[in-house]
Every structure is written in C-alpha cells, then in structure tokens.
Amino acid sequence: MKLTSLIKWLIRAKYLTFYIIFFGSQVSLASTVLFDDTPQNGTSLWSTSSSKSSLTQADDPVADGSIAIAMKAHNWTQSGLRIAKIPPYKDTILEAKIFRVSGSKGTLMFRRGKNSLKINLDESNSEFWTLNGQPGHSDYIDNKWHKIQIHLKHFDLNEGENVLALGIQGPQGTGTFYMDSVSFIESEPDISTSPPISGDWVVSFEEEFDSNVLDPSYWHVGKQYLGMSGIAGNAGGENIDVEAGMLTLKAERSNLEQGSKSYKYKGAEVSTFRKFRQQYGYFEARIKHESTHGAWPAFWLLPDKGIYGNNSYRRQALLKFDLNDVHEAAYSAILRFKISQATNKSSIAIHKTLTTDWSEDTVTWNTKPKIDPAWFVQRYGETTGNIVEVDVTDYIRDQQIAGKEASFALVDNYMRKQLVEVFSTETNNLNDRPILIVNENNIVATDDAYVRGGEYSDENYGEYSSLLVKDVWGDTSSTFGKGMEFDIMEYQGTWGEGVSWSALHWDGYGSKHISKDSGELYLNSSDNGFHVYGMHWEPNYVAMYIDGDKVWEFESERIGSLPSYIILSLQVGGWDGNSSNIDDDFFTNMLVDYVKVWKKPEYD
C-alpha cells in the first residue's frame, strides 16, 4: 500500500483529521484535512456575490470518496472552500484536486490575511505552485482531475496570517469547476538530519536561503573567474533571486555584453569561492529544475588551494548618498562615476551594501559593511576617462520606502590584478565627482572612501581624490595534481524528464583531460519536482546519492584530495545537441531549497 493511501485509510478508519507519522530519523510527514467528503476542521463552503459553492450531486465528478465541491463562478466573483486557518507547519503546502468542465474559464486563486488579499495562481508565480508536480500553468486538460500544491512559504505570509479561502475566480462568463481532497500538508523535510551513511558526522555548512539576498558570508557570484561553460554569460543579479527560503537561478535568451564578449543568452552561477571549502565529507542540495531544451543546471565542486594573492594589495571602494531631499518616489535612478585611471583589462562590479551605517572618516577593511554578492552590473575593460552609469532604480525605491540612505560598493570580484581608480568627491573638478541622478536631479555623495586589506586593514582612506579598486590573482583552482572537478548533479535539456548525471574530471580540460561518469541516472517520481542530490567523498573514494539512495561510486587513488568549493549553476548549452535549435522564447529556472555539508572529525 502506498504511503498516501495508508495515511488516508488511517484517517477514515480512526476518524482522525490530524496526524503525524515518523519514518526513521530523517522524515516526518504531517497533514491537516480541510475537505474530504465534507468540510472539516472548521472549514465551510464559500462564495461571493452571484457565484455558488455546493456539494456535488450523484452524477458530478468526484476525485476521492463520494462527495466533492462544485464551484460555479462568473463576472470576476469567487467560489470555493473557506479555510480561515493559520498554516500549521513551518513549511506548509496547501493541496487540492481540481477538475475543470470543458469550455469553462476561470483562474485558480486563494485569499490570505486580514485584508483578504487575492492571489491568482498564474505564470507570474508558477515556480511557487505546481500542477501534477510541474510548474503551475492554466492550460491543463479539461474534464480530468489534477493535483495542485501551493507552497505557501513562497508567498510571504506573515507569522500568524490566515489562509482565508481556496477556489476559483470566474471570468466574464461562467466557469464550472470541482474541487476535492483539500489539505494542509507539511512539505518534505527541508534539511536531513544526517547523511545516508552511518558515521560520526558534524555539520560544517548549512544554508536554507531564509534571507531575501544571498548571504555574503557564504556566496560569491561566479567562480574564481566570471566566465561560465556553455553559450550563456553570467548575468549576476539580473538572473538570481533569493526569496522566501529559495534560491532561484534563471537562464534566458537575452543579449548580454561583458567587455569584449557578446552573448545571446543569460545564465547565472554562484559559488562558495573564498567563503567555504572542504576536503572530504558529505555534500548535499535539494534542487528542482525544468527539462527545457537548452537548460544546463548543475551542482558541483572545484578545487581551491587557498592561494588568493597578497591581501595587502586588495582594495574596494564605497559610496553613500542621502535620499532625504528626494521628495517623490523614484521613477529613475542612475549611479554615475568616472574612471580616473584603468587599462582595458580592468574589472569592476557595482553592488549595494547590506547596511549603510558607515562613515568615510572611520571606515576600514575590518569595519566595512557587508556587500550583496549579486551585483547590479559587472564591467570589463573600462579605461581612463570612461563614464560608468548604472540603473539602480528599484534599489533606490526600496531605500526610500525604508527611510534609509543608498550605499554602494565598487569591487573587482575576479582577481584581474588590475588597479582601477575612480574619481571621488575630493577631486577638484566637480564634473568628475560621483553622483546619483534621481528623477533627473543630481545628488552628490555624502561619503566615499576606499578600504584596503592585509596589513592596511585598520587604515582609513576617506580623504583621497581617487577611490581604488583591485583584486589579486592566485593560482588556486586547478584540476591538475591533487585537484578534481566533482559533478554531483548536472543535466542536459535534451534528455527529457527524470534524468541526472554525475561525473569526475581531472588534469585540466585540454589534451591531458581525463574523466569518469555515471551515465544517465534515472530519478524516482516526485510530486513537487524536487530531488536531493548528495556526494560522499573519502580518500580514494566518491559515491553519488539521489534522494538518499546510492546511484554511482568510483574508487581510485586519483580521487581529488584538495579542499573544494561548492558551485550552483544554470548554464545554457553543453552537449547532446543542447546548444542548438533552442526556442526563441527560451526561459528556464533552477530552484535550490538548501545546501548542507557534513564532515568527520578525523578529517579536520
């Protein structure tokens, strides 16, 4: 008997409407039934205006049991089930079965909160609800039952906020739908308590993406260099979202210029380079991706020797602007600064800082604000005299609403070993000074400074005519010698659904390149599309796991033995025809629920 069938039998046999069942130490499942033949747990049939919600009659379709809910709605009114309950679990899914009568129009929706805010379930939020386990959509088959799951945590419900109702909104006309088997269910456990291998494991890295930005303590955009494999450029913050406990990487057909390189596609890649690296252990991530032709999602590791160059040569610049004199909402905001000295091999990225409480008179490398890893733009090849302009409108609007200043960092993220100098507010020529142009009004920086690492980490550089930016190169990431690329999960969009791939690469990517791979690995079905990918790495041994099951292993003295860093990427192209014949409207995403790493004390 399937687990879901067993649970439903237990409910009916014991007249339970709430249950928790534990299987082993890693899995807990819970559910609160809201409708099963009758409204339960205080729910009731619900409709507005001239719409109607009723129990089904003898010839009406029913998904489970003997009775469902018949919903008729029209002229923008709603009908369905009134719930009026706070989601009971930390990660609650609102689940139901839906049947649409042929020819009917209407939109699936739910209501939330004191103001009864209506949320239509459509393409704008399709990654946060599923239809039959796939991203939600409206073109499903008529006269057939479908299962919908709404992942409530991604809709930013406040603590203690109700889900008021679930149902349909009618069109300008009449829509007839049926709904059955409505429940709050607990999502699959976000993070397992231990690897699927016995042993004395200690958590060494844990990221659940609970903030609304990438955590700069953990993440870096790109690897040690910006370039990605495949045919897309790394678009940085444009294609990275962190919201309600989920990292989303996006890839699309869209032009991108980076220095002398032009791309027809944008992708995204983040890593723990210079943030976290580990030799041996168990590495795990819970990931969902689409099976779109052209998509190349991956979860992998590269070696990191920890050689980053002399930190005393590293410099970053800071700019801050007071928004109090902007008396209307920003409809346009451009950060503008001028390069005073640079070569055509320069690199400079513009970021926001996560706090604004720094002063040019006191800020140092050791006291500088944290920087959002997802930059606004990354510029290569800006030379002496160039003027750089960056659209920061959305950020300025957010800062206005919060009543805060605007604060930016200028950084070289990719160890180009090129000094970039930017005119500061102390320069003599007023036209060379950095400004923020809000609604066509110029705002001069209230504070600007640069900071320097290493032996200069406690020094303040707030009164100089130029702001300095530089990173330095170190020979830190190579698959020669003891290094190895570990591909825990990668996928090519031409493979169809339910397939993964693991591989190992070493001795570079040229004539001496060697690799071993698993071949195609076939996945078990998943209601919500997520799978847990893991790698067990010991001396001379690697094993790959999917959803807790070992699917491939490789033993050799050549297994990499250098500390390695984590990469999450959504590239475009690859092999097996995945780089050609891509649709003109290509768009895809990759969702990461968590990343977690364990280690054993003997490898400290």
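This is a predicted model: local features need pLDDT of at least 70, side-chain atom pairs count only at pLDDT 80 or more; totals for chains, interfaces and linings use all residues.

Colleague: Let us begin with single residues. Why is Ser181 called buried?

Modeller: Buried means under 20% relative accessible area. Ser181 has a relative accessible area of 10%, so it counts as buried. You will find Ser181 in strand β15, residues 174-186. Its phi is near 50°, a positive value in a residue other than glycine.

Colleague: And what about Ser183, is it buried or exposed?

Modeller: Ser183 is buried, because its relative accessible area of 11% is under 20%. Ser183 also lies in strand β15. Leaving aside neighbours within four places in sequence, Ser183 is in contact with residues including Ser31, Val33, Ile93 and Glu95.

Colleague: What makes Ala84 partly exposed?

Modeller: The value for Ala84 is 31% relative accessibility. Ala84 is a residue of strand β7, residues 78-85, and has a positive phi near 50° although it is not glycine.

Colleague: How do you know that Ala333 and Phe408 are buried?

Modeller: Ala333 has a relative accessible area of 0%, which is under the 20% limit, so Ala333 is buried. Phe408 is at 0% relative accessibility, and therefore it counts as buried as well.

Colleague: Where do Ala333 and Phe408 lie?

Modeller: Ala333 is in strand β25, residues 333-341. Beyond its neighbours within four places in sequence, Ala333 is in contact with residues including Val390, Thr393, Ile396 and Val438. Phe408 belongs to strand β29, residues 406-411. From Phe408 to Asp372, the C-alpha distance is 9.5 Å, with the two 36 residues apart in sequence.

Colleague: What makes a group of residues a nonpolar core?

Modeller: The group has to consist of buried nonpolar residues joined through side-chain atoms within 4.5 Å. The largest such core here has 60 residues, and those with the most contacts inside it are Leu247, Phe299, Leu504 and Leu568. Strand β36, residues 499-506, gives the largest share of this core, five residues. Apart from it lies another core, of 32 residues, including Leu319 and Tyr450. In soluble globular proteins, nonpolar side chains tend to be buried together.

Colleague: Which residues does Phe299 touch?

Modeller: Not counting residues up to four places away in sequence, Phe299 touches several, among them Phe283, Ile287, Phe486, Tyr533 and Leu568.

Colleague: How do you know that β19 and β20 are paired strands?

Modeller: Two strands pair if there are at least two bridges between them. β19 and β20 have four bridges, so they pair, in the antiparallel sense. Within this pair, Ile240 stands opposite Leu249 in β20. The two strands form a hairpin with two residues between them, and Ala244 in the turn has a positive phi of about 50°.

Colleague: Which residues of β19 make up its covered face?

Modeller: Ile240 and Val242 are on the covered face, while Asp241 and Glu243 are on the uncovered one. In a regular strand the side chains alternate between the two faces of the sheet.

Colleague: What lines the second largest pocket?

Modeller: That pocket has a volume of about 720 Å³. It is lined by 25 residues, and the closest to its centre are Gly237, Ile240, Asp241, Lys352 and Asp372. The elements giving two or more residues to this lining are β19, β20 and α2. By class, the lining has eleven nonpolar, four polar and ten charged residues.

Colleague: Why is the other space called a cavity rather than a pocket?

Modeller: A cavity is a space where a 1.4 Å probe fits but cannot get out, whereas a pocket is open. The structure holds one cavity of 30 Å³ or more. About 40 Å³ of space lies in the largest cavity, so it passes that size limit. Its lining includes Glu127, His151, Met246 and Phe530. By class, that lining has three nonpolar, three polar and two charged residues.

Methods
Residues are numbered from 1 along each chain as its sequence is written. Side-chain values use heavy atoms; hydrogens and water are left out. On a 1 Å grid over the protein atoms alone, a cavity is a set of points where a 1.4 Å probe fits but cannot get out, and a pocket is an open set with protein on both sides within 12 Å along at least five of seven lines; lining residues have an atom within 4 Å of a point. Grid points are joined across faces, edges and corners, and a volume is the space filled by probe spheres set on the points. Ala, Val, Leu, Ile, Met, Phe, Trp, Tyr, Cys and Pro count as nonpolar, Asp, Glu, Lys and Arg as charged, and the others, Gly among them, as polar. Buried means under 20% relative accessible area, exposed over 50%, partly exposed in between (1.4 Å probe, protein chains only). Contact means heavy atoms within 4.5 Å.
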